[in-house]
Amino acid sequence: MDLKNHIPSGPIEQKWDKHRVELKLVNPANKRKFSVIVVGTGLAGSSAAASLAELGYNVQAFTYHDSARRAHSIAAQGGINAAKNYQNDGDSVWRLFYDTVKGGDFRAREANVHRLAQVSVNIIDQCVAQGVPFAREYGGYLSNRSFGGAQVSRTFYARGQTGQQLLLGAYQALMRQVGLGKVKLHNKQEMLDLLVVDGRARGIVTRNMVTGKVETHMADAVILATGGYGNVFYLSTNAKACNVTATYRAHKRGALFANPCYTQIHPTCIPQSGDYQSKLTLMSESLRNDGRIWVPKNQGDKRSPDQIPESDRDYYLERKYPSFGNLSPRDIASRAAKEACDDGRGVGPGGLGVYLDFSDAIKRLGEKVIADRYGNLFEMYERITGETPYQVPMRIYPAVHYTMGGLWVDYNLMSNVPGLFVLGEANFSDHGANRLGASALMQGLADGYFVIPYTIGGYFAQGGFSPVLQDSPIVQATVREAEEKIQKLLSINGKRSPTSFHRELGKIMWDKCGMARNEKGLTEALTRIPELREEFWQNVVIPGSGDQLNQSLELGLRVADFLEFAELMCYDALHRNESCGGHFREEYQTEDGEAKRNDQDFAYVGAWEYTGVGSKPTLRKENLEFENVQLATRSYK
Amino acid sequence: MNLRLHIWRQSGPQDAGMLKTYDVANVSEHMSFLEMLDVLNEDLIAKGEVPVAFDHDCREGICGTCGMVINGRPHGPLARTTACQLHMRTFKDGDEIYIEPWRARAFPVIRDLVVDRGSFDRIIQKGGFVSVNTGNAQDGNTLPIPKTDADRAMDAAACIGCGACVAACPNASAMLFTAAKIGHLGSVPQGQAERSTRAMNMVLQMDAEGFGACTNHYECEAACPKGISADFIAQMNKDYVASVFAGRD
């Protein structure tokens, strides 16, 4: 298989403009003749569905929630980056591009990243026009804050609820199109499979979660905007329902899965408190603007934090990375926290935590200013832990947060299956091996508002769409497969709940394929995952029936896919004999414990082709060319 | 701690439903309320019973998916706290807890504690937006917005669409929800062009869905996990009346 990324020729600053001129157009009167399915209504899905409907396409949007407004984009707290340079501090499209390529540890595609930086400025304008209440200065102009991995202030925000406000903007645009009859919205429908007819993506199979009916929906193109796979670890900051099913099903139908081992561990989450823990809660990275991270200098120092004098504290990020300090990128800050805890200097129950301390900032700025900036985050922390960060330093620990890997897409955001487009976190393209803070919202909206409306037209204009009938054999066969899987799950009637399998899988993945990985552990995981999967299909129990709302069944279907997908992740992590960004292989580190990349052998995208359950996937490579940013060892010292 | 739970069980929209009693043991004070229900559900599955269906997703108090009436109060006893953020340290050993779904004609029960809140989406579809297509926008800093206006807009926009306001209201009114969106968009210049039609159309849809009217109990404000002020209802009424006199449809 030849992976054609369709990156336009010419200087990087001109590629997107040139491409837009070269893309074929669909005449306005003809747009209504084309239909598009959008799966997922987060930032990428809602913005794409609304924008395509505005252009005149017939859109069907799908969400497994009861409302399109509930997608997990809503939980993003800190902000969204844009190269506006409103602060006059030296920002530019080029700098955002450069920071993102460097932050991604030189494993992203330059052309995609540059386009992302270019359209970032339009996103802010669009959101402001929608009435998104971004934070403002007293003069009425937009306010910015700083985020990790950058030395300029380019992050726009709406209190600690930026994701919510951006999603509501996109959701409202989508609701407007639903009201106008241009989008047919299907709530409470979960995608179970992709329909590939004559080599093209032409529809999806879904389960109506209220009636249990398995349905087919046909279109001329399918867009997956279904988010990431962080819940393969069971405990993550993702919402409980986030899952890999849509992208993994597409993978099983031929779409390549790229860089699944690139997972981001966020440094500032509330530590786990017990075995019953159902998820982990993120504390926004923006807290690192004013909070200082430290652990006791000495192992086993059990004094309460206010009893530990300055001389006995180790502000390890400030010590190790003086120029970025507490604002070092996420992968680096997470690993440094793990190191401190592994060294026996962690704080809190089990020693799995470090302090994030606001006492200096409160002294400097006063409690009111800190409350203005982080009040809602402090409240959230207090509700969960029963401690107030105004008086006691927060305790934080890294947790799985985002997945950079995803379905392989070309410059048009189309997968190797023609007609299957993949947006937002679900694709692999822009963040390389590590995503910078406040860039996920940017990418979701860039893909949905400003990329797909152009590139999908180029696909449609090629023509050749024959009608596909719902009763054609291939469609019927796919539906039957989905129905049989549901029946199988319901009939096993074993002893263990889907959650117990999910938890066990998550433990394997966190221990063997988490913040640090090695060959021995990954090899072990590759033995244990198939065993667990086998037990699942013998011993899972799903109470209730399939013809009504059945949350155990929903979970069972998702866990079944995680149990296959986990293997793919481990294969990828095992083959990548280097450390880069969120992928840290213990065998490949420098003397002072930093990630050691191997550009000679691994400067490529690892895209995997499905070959059957339990069978090793086939690796396809897309070489990464760095023509504009010089490959260098990432340094934040 | 050990607790006795009385939970509303209803197998489907047509079922009459009833409260069933469950005992849960060894609940940790650090658990969230939903984690306590997770433990109950795992026990039920182990016993071959059907677990309690309840809506939830982000478990961070922002998605608005979870919602249940706990001891007669939507989202439970803590002010400005969603059910998922309520922790068991709020309760004590031996407590009896009554757990019921939102009760409102416009929120029909789907199963157990899960209700259909599609009526909220349909209200938004009637005008809870600024009609601006992608690509129309001018530079974001072209139009300065006084910080106080932006802050007021944000106060209203913080609504998570959970429906607690409806569940708390003796009239099952959705005025706080509707007013929050009208108040958000009415506080910024971008929302002015459609201000009058927005109020009219959203209020008409709210009535058509079967939500009641406001009779100033302020239960909605007290129950709102985001602390949205009932002042926004006054602003909505003002916009609505203006719309009637403007004679626009």
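**Exercise 1.** What covers the buried residues of α9(A)?

*Solution.* Some bookkeeping to start: this is a predicted model, where local features need pLDDT of at least 70, side-chain atom pairs count only at pLDDT 80 or more, and totals for chains, interfaces and linings use all residues. Residues are numbered from 1 along each chain as its sequence is written, with chains lettered from A and ligands numbered from 1 in the order in which they are written.

Step 1: locate α9(A), which takes in residues 330-342. Helices (H or I, at least four residues) and strands (E, at least two) are DSSP runs, numbered from the N terminus.

Step 2: check burial (20 or more other C-beta atoms within 10 Å of a residue's own; exposed is 12 or fewer, partly exposed in between; C-beta atoms placed from the backbone). Eleven of the 13 residues pass, so α9(A) is largely enclosed by the rest of the structure.

Step 3: look at the cover, which includes β11, β12, α8, β14 and β15 of chain A.

**Exercise 2.** Is V24(B) buried, partly exposed or exposed?

*Solution.* Step 1: find V24(B) in strand β2 of chain B.

Step 1: count its C-beta neighbours inside 10 Å; there are 16, so V24(B) is partly exposed.

Step 2: list its contacts (C-beta atoms, placed from the backbone, within 7 Å). Skipping residues up to four places away in sequence, V24(B) touches L3(B), L5(B), M36(B), V39(B) and L40(B). For L3(B), 21 residues apart from V24(B) along the chain, the C-alpha separation is 5.4 Å.

Terms used. Contact = placed C-beta atoms within 7 Å. Expected span 1.5 Å × (residues − 1).
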